[in-house]
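The sequence and model come first.

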Amino acid sequence: MMVCESCGKELNSYEVFTINGIAQCEECAMKGAHEKDNDTQNSGVKGDDSQALECMNCKTKDAQIDCYEINGEKCYLCSDCVGKVEADLIDKKQEILSKKSKFLPGLVGALLGSLIGCVVYFFAFRLGFLAAITGLITAVCALKGYELLGGALDKKGVFTSVIVIILSVFFANKIAWSYEAYSELKDYGADFFNCFRSLNLILQESELTGSYYIDLAVAYLMTILGAFGNIKKAFKSSTGSYKIKKVEK
């Protein structure tokens with residue numbers, strides 16, 4: 001296990017980016033590239049003044065320096081270093097793809113993690129509002145739970161976590177509505193578990209079926225808004241995919 005020298009985050013070997021001899025996580029490496037790009041723009045370096053630039057990897061100023069976009073972030077590299085960076089990305093991708101998760105422990109982890117999101121959803125529902133943060137928490141906890149117990153978050157883990165998230169939102173909404181029914185019927189001898197089992201009948205009798213499914217649709221919408229970015233990032237990381245291209249002047 002290695003540590004990012006910029007933020008202190010613990011890293012697996014395939015998550016390390018080495019820039020000028022400094023071990024960094026992907027976020028810090030790309031942040032440095034972005035700051036370098038801003039500094040260059042602010043200093044007015046443009047056109048054919050590439051010799052005035054410095055390679056972010058080897059720090060040379062004596063070679064042709066070009067701007068490259070790596071996974072959406074800009075950085076300045078010499079012709080020798082761009083090949084090394086791409087080779088590192090290829091090695092990282094192969095290492096990620098070779099690391100397989102353990103499905104059953106990962107599934108348990110995703111289920112345990114999603115419970116946190118369900119609890120947040122329940123209390124948010126009781127307070128009378130639903131927000132994207134509930135979907136975000138559910139997604140982050142489910143994905144992290146799978147990774148912790150499954151040993152890795154590969155494509156199988158991401159897909160499994162997404163299914164768990166979908167089911168968690170459904171059951172969280174049903175539990176919240178069942179508790180509402182219980183609150184109204186407990187004086188008539190009903191208990192929570194009976195309300196949960198008979199919720200469809202209760203909704204039909206009270207003519208609230210439409211409201212129930214509207215709440216469920218809103219819950220899924222909030223989950224998509226809150227979790228989509230994290231799920232997309234997790235899937236991209238699980239495949240080790242990268243995109244590198246030269247930025248034309």
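Phe 125 and Trp 177 are both buried in this predicted model. Their rings form a tilted aromatic pair. Phe 125 belongs to helix 3 (residues 103-126) and Trp 177 to helix 5 (residues 155-185), so the pair links parts that are 52 residues apart in sequence.

Tyr 212 and Tyr 213 make an edge-to-face pair. Is each of these two tyrosines buried or partly exposed? Tyr 212 counts as buried because its relative accessibility is 3%, under the 20% limit. Tyr 213 has 46% relative accessibility, so this residue counts as partly exposed. The geometry of both pairs is set out below.

| Pair | Type | Centre to centre | Angle between planes |
|---|---|---|---|
| Phe 125 and Trp 177 | tilted | 6.3 Å | 55 degrees |
| Tyr 212 and Tyr 213 | edge-to-face | 5.0 Å | 85 degrees |

The count of aromatic pairs comes to 11. One aromatic cluster is made up of Phe 122, Phe 123, Tyr 179, Tyr 182, Phe 192, Phe 193 and Phe 196. Phe 196 also has a charge over its ring: the charged end of Lys 174 sits there, 4.6 Å from the ring centre.

Ser 178 lies in helix 5. What does Ser 178 contact, leaving aside neighbours within four places in sequence? The partners are Phe 192, Cys 195, Phe 196 and Leu 199. Phe 192 and Phe 196 are members of the aromatic cluster. The relative accessible area of Ser 178 is 0%, so this serine is buried.

Next, the strands. Strand 5 (residues 65-70) and strand 6 (residues 73-78) run antiparallel and are joined by six bridges. Cys 67 has Tyr 76 of strand 6 as its bridge partner. The hairpin of strand 5 and strand 6 has two residues between the strands. Asn 71 in this hairpin takes a positive phi near 50 degrees.

The largest cavity holds about 60 Å³ of space. Which helices each supply at least two residues of its lining? They are helix 3, helix 4 (132-150), helix 5 and helix 8 (209-239). The lining residues include Gly 117, Cys 118, Tyr 121, Thr 134, Gly 135 and Thr 138. Ser 168, Val 169, Ala 172, Ala 219 and Thr 223 also line the largest cavity.

Note on methods
Residues are numbered from 1 along each chain as its sequence is written. This is a predicted model: local features need pLDDT of at least 70, side-chain atom pairs count only at pLDDT 80 or more; totals for chains, interfaces and linings use all residues. Side-chain values use heavy atoms; hydrogens and water are left out. Rings of Phe, Tyr and Trp (its six-membered ring) pair if their centres lie within 6.5 Å; planes under 30 degrees apart count as stacked, over 60 as edge-to-face and the rest as tilted. Helices (H or I, at least four residues) and strands (E, at least two) are DSSP runs, numbered from the N terminus. Buried means under 20% relative accessible area, exposed over 50%, partly exposed in between (1.4 Å probe, protein chains only). A charge sits over a ring if NZ of Lys or CZ of Arg is within 6 Å of the ring centre and within 35 degrees of the ring normal. Two strands pair if DSSP finds at least two bridges between them. Contact means heavy atoms within 4.5 Å. On a 1 Å grid over the protein atoms alone, a cavity is a set of points where a 1.4 Å probe fits but cannot get out, and a pocket is an open set with protein on both sides within 12 Å along at least five of seven lines; lining residues have an atom within 4 Å of a point. Grid points are joined across faces, edges and corners, and a volume is the space filled by probe spheres set on the points.
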